[in-house]
Amino acid sequence: MSVKPLKCGIKVEPPTIVLTYTDVNTGKKRQRSMPVRNFTSRSGVTRFADDLKQNPRHKKYLESVQSLQIEKLLRIIQERLKGSNLDDSLSKVQEELRVDPEENLNRLDDDELTKKKRIMDETFEMNRKKKDDPDFEYDVEVDFENVGPAVETSGWDSGSDSDLDF
């Protein structure tokens with residue numbers, strides 16, 4: 001059975017991942033609830049997401065859902081189990097999974113750096129143009145001369161031949 005995921009959501013009590021999908025063979029729209037057993041406010045989200053994706057009962061449904069999306073849903077459940085309301089949970093998880101371009105990644109510990117790199121990799125893969133995409137264009141050339149503010153010239157690269165005397 002081939003599955004095309006449409007939406008992924010959660011139920012907090014009991015902790016459950018809910019997937020709305022289309023059965024490709026029949027074209028029918030279906031919904032599957034996958035309970036997250038033994039999940040607490042202190043559980044490891046990455047491990048639970050991997051376990052859920054590798055579970056033989058759920059594997060065929062979650063294989064095309066990004067691990068990061070499952071982790072995000074599990075983090076929302078976790079925040080709700082800690083007692084936060086839905087808006088606070090959403091904003092906290094959104095902030096955790098955001099990569100600030102101004103942030104110095106050299107100052108992060110290994111776990112946080114790995115998490116940020118996974119977020120960047122999955123964002124890149126999601127936005128990447130693939131050969132099968134309808135708007136894919138091979139060998140695109142862009143002229144950046146006329147884009148953005150004018151570039152200042154500096155004195156050190158004036159092009160004088162005085163450096164030839166070395």
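Along strand E2 (16-23), Thr16, Val18, Thr20 and Thr22 point one way, while Ile17, Leu19, Tyr21 and Asp23 point the other way, and all are buried. Here, buried means under 20% relative accessible area, exposed means over 50%, and partly exposed lies in between (1.4 Å probe, protein chains only). In a regular strand the side chains alternate between the two faces of the sheet. Because 8 of the 8 residues of E2 are buried, this strand is largely enclosed by the rest of the structure. The strands, like the helices, are DSSP runs numbered from the N terminus (E, at least two residues, for strands; H or I, at least four, for helices).

The model is a predicted one, in which local features need pLDDT of at least 70 and side-chain atom pairs count only at pLDDT 80 or more, whereas totals for chains, interfaces and linings use all residues. Residues are numbered from 1 along each chain as its sequence is written, and side-chain values use heavy atoms, with hydrogens and water left out.

What is the strand order of the open sheet? Its 3 strands follow the order E1-E2-E3, with antiparallel pairing; two strands pair if DSSP finds at least two bridges between them. E1 and strand E3 (29-35) stand at the edges with a single partner strand each, so one side of each has no neighbour in the sheet. On average, neighbouring strands are turned by 25° against each other, direction ignored. Such angles run from 0 to 180 degrees between N-to-C directions, with axes fitted to C-alpha atoms, for helices over the stretch in contact.

The strand E2 can now be followed to each partner in turn. With E1 it is joined by 8 bridges, and the two strands form a hairpin with 4 residues between them. Glycine 9 has valine 18 of E2 as its bridge partner. E2 and E3 pair over 7 bridges; here valine 18 stands opposite serine 33, and isoleucine 17 opposite methionine 34. The hairpin of E2 and E3 has 5 residues between the strands, and in it glycine 27 takes a positive phi near 80°.

Attention now turns to the interior. A nonpolar core is a set of buried Ala, Val, Leu, Ile, Met, Phe, Trp, Tyr and Cys residues joined through side-chain atoms within 4.5 Å. The largest one has 19 residues, of which Ile17, Leu19, Val36, Leu62, Ile70 and Leu74 touch the most other members. Strand E1 (3-11), strand E2, helix H1 (45-54), helix H2 (59-62) and helix H3 (67-81) each supply at least two residues of this core. A second, separate core of 5 residues includes Ile76, Val93, Leu97 and Ile119. Beyond its neighbours within four places in sequence, isoleucine 17 is in contact (heavy atoms within 4.5 Å) with residues including Cys8, Arg32, Leu52 and Leu73.

The structure also holds 2 aromatic pairs. Rings of Phe, Tyr and Trp (its six-membered ring) pair if their centres lie within 6.5 Å; planes under 30 degrees apart count as stacked, over 60 as edge-to-face and the rest as tilted. Tyrosine 21 and tyrosine 61 form a tilted pair, 5.3 Å centre to centre with 55° between the planes. Since tyrosine 21 lies in strand E2 and tyrosine 61 in helix H2, the pair ties together parts that are 40 residues apart in sequence. For phenylalanine 39 and phenylalanine 48, the ring centres are 5.0 Å apart and the planes at 80°, so this pair is edge-to-face.
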